[in-house]
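Thanks for passing this one along. Here are my notes, in numbered points, to read with the model open beside you.

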Amino acid sequence: MMTERPRISLATVVLDCPDAHTLADFYRQLLGWEVKYSEPDWVLLRCPDGGTGLSFQSEPGYQAPVWPEQPEEQQKMLHLDLRVDDLDDAEAYAVALGARRATFQPQDDVRVFLDPAGHPFCLFLH
């Protein structure tokens, strides 16, 4: 029986997508992060200040989730919440990089977008 918790820490969150390099480049530009590791089907980004990374893995059978969720449709497994200083400026920048504003917006102070692979992410004021 184990009595002490082993050292465990979150290293990265992985987003499956049709093309790891395309999606990694979108988030690299959006967040201003750096590519720390790259393979043909895998890319790891890290914030220059450190912390948990964000990785992208190419999956040939990837299906984009439907937002908002619908019965019998591909469900999202997670979404990213990104804190911003100015919603309008952040929206314009994200859209210029290839994001799409979701039709359904559940809150006035949060904006939901879909990245180029269809993953929802939220921009919100801090």
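**Notes on the predicted model**

1. **Cysteines.** The disulfide count comes to zero, where a disulfide is a pair of cysteine sulfur atoms within 2.5 Å.

2. **Ground rules.** This is a predicted model, so to speak of local features requires pLDDT of at least 70 and side-chain atom pairs count only at pLDDT 80 or more, while totals for chains, interfaces and linings use all residues. Residues are numbered from 1 along each chain as its sequence is written, and side-chain values use heavy atoms, with hydrogens and water left out.

3. **Overall layout.** The protein has two helices and eight strands, taken as DSSP runs numbered from the N terminus (helices H or I, at least four residues; strands E, at least two). Along the sequence the pattern reads β-α-β-β-β-β-α-β-β-β. The C-alpha atoms fill a box of roughly 50 × 40 × 35 Å along the principal axes. Of the 126 residues, 33% are buried. Among contacts (heavy atoms within 4.5 Å) with a separation of 6 or more, 52% come from residues 24 or more positions apart.

4. **Aromatic pairs.** A search of the whole structure gives six aromatic pairs. The rule takes rings of Phe, Tyr and Trp (its six-membered ring) with centres within 6.5 Å; planes under 30 degrees apart are stacked, over 60 edge-to-face, and the rest tilted. One of the pairs is Phe26 with Tyr27, edge-to-face at 4.9 Å centre to centre and 85 degrees between the planes. Phe26 is buried at 3% relative accessible area, and Tyr27 is buried at 0%. Tyr27 also pairs with Phe121, again edge-to-face, at 6.1 Å centre to centre and 70 degrees between the planes. That pair links distant parts of the chain, with Tyr27 in helix 1 (residues 20–31) and Phe121 in strand 8 (residues 120–125), 94 residues apart. Phe121 is buried, with a relative accessible area of 0%. Phe26, Tyr27, Phe56, Phe113 and Phe121 form one aromatic cluster.

5. **Helix packing.** How do helix 1 and helix 2 pack, and at what angle? Helix 1 and helix 2 (residues 87–97) pack at about 155 degrees, with axes 10 Å apart. The axes are lines fitted to C-alpha atoms, for helices over the stretch in contact, and angles run from 0 to 180 degrees between N-to-C directions. The two helices are therefore roughly antiparallel; under 35 degrees counts as roughly parallel, over 145 as roughly antiparallel, 65 to 115 as roughly perpendicular, and the rest as oblique. On the helix 1 side the contact is made by Phe26, Gln29 and Leu30, and on the helix 2 side by Tyr93, Ala94 and Leu97.

6. **A cis peptide.** Most peptide bonds are trans. Trp67 and Pro68, however, are joined by a cis peptide bond, with omega about -5 degrees. Pro68 sits in the loop between strand 4 (53–58) and strand 5 (80–84).

7. **Asp115.** Is Asp115 buried or exposed? Asp115 is buried, with a relative accessible area of 0%, and its place is in the loop between strand 7 (110–114) and strand 8. Leaving aside neighbours within four places in sequence, Asp115 is in contact with Leu15, Leu23, Phe26, Tyr27, Arg100 and Phe121. The C-alpha atoms of Asp115 and Arg5, 110 residues apart along the chain, are separated by 37 Å.

8. **His79.** His79 lies in the loop between strand 4 and strand 5 and is partly exposed, with a relative accessible area of 36%. Not counting residues up to four places away in sequence, His79 touches Pro120 and Cys122. His79 and Gln107 are 28 residues apart in sequence and 15 Å apart in space, C-alpha to C-alpha.

Methods. Buried means under 20% relative accessible area, exposed over 50%, partly exposed in between (1.4 Å probe, protein chains only).
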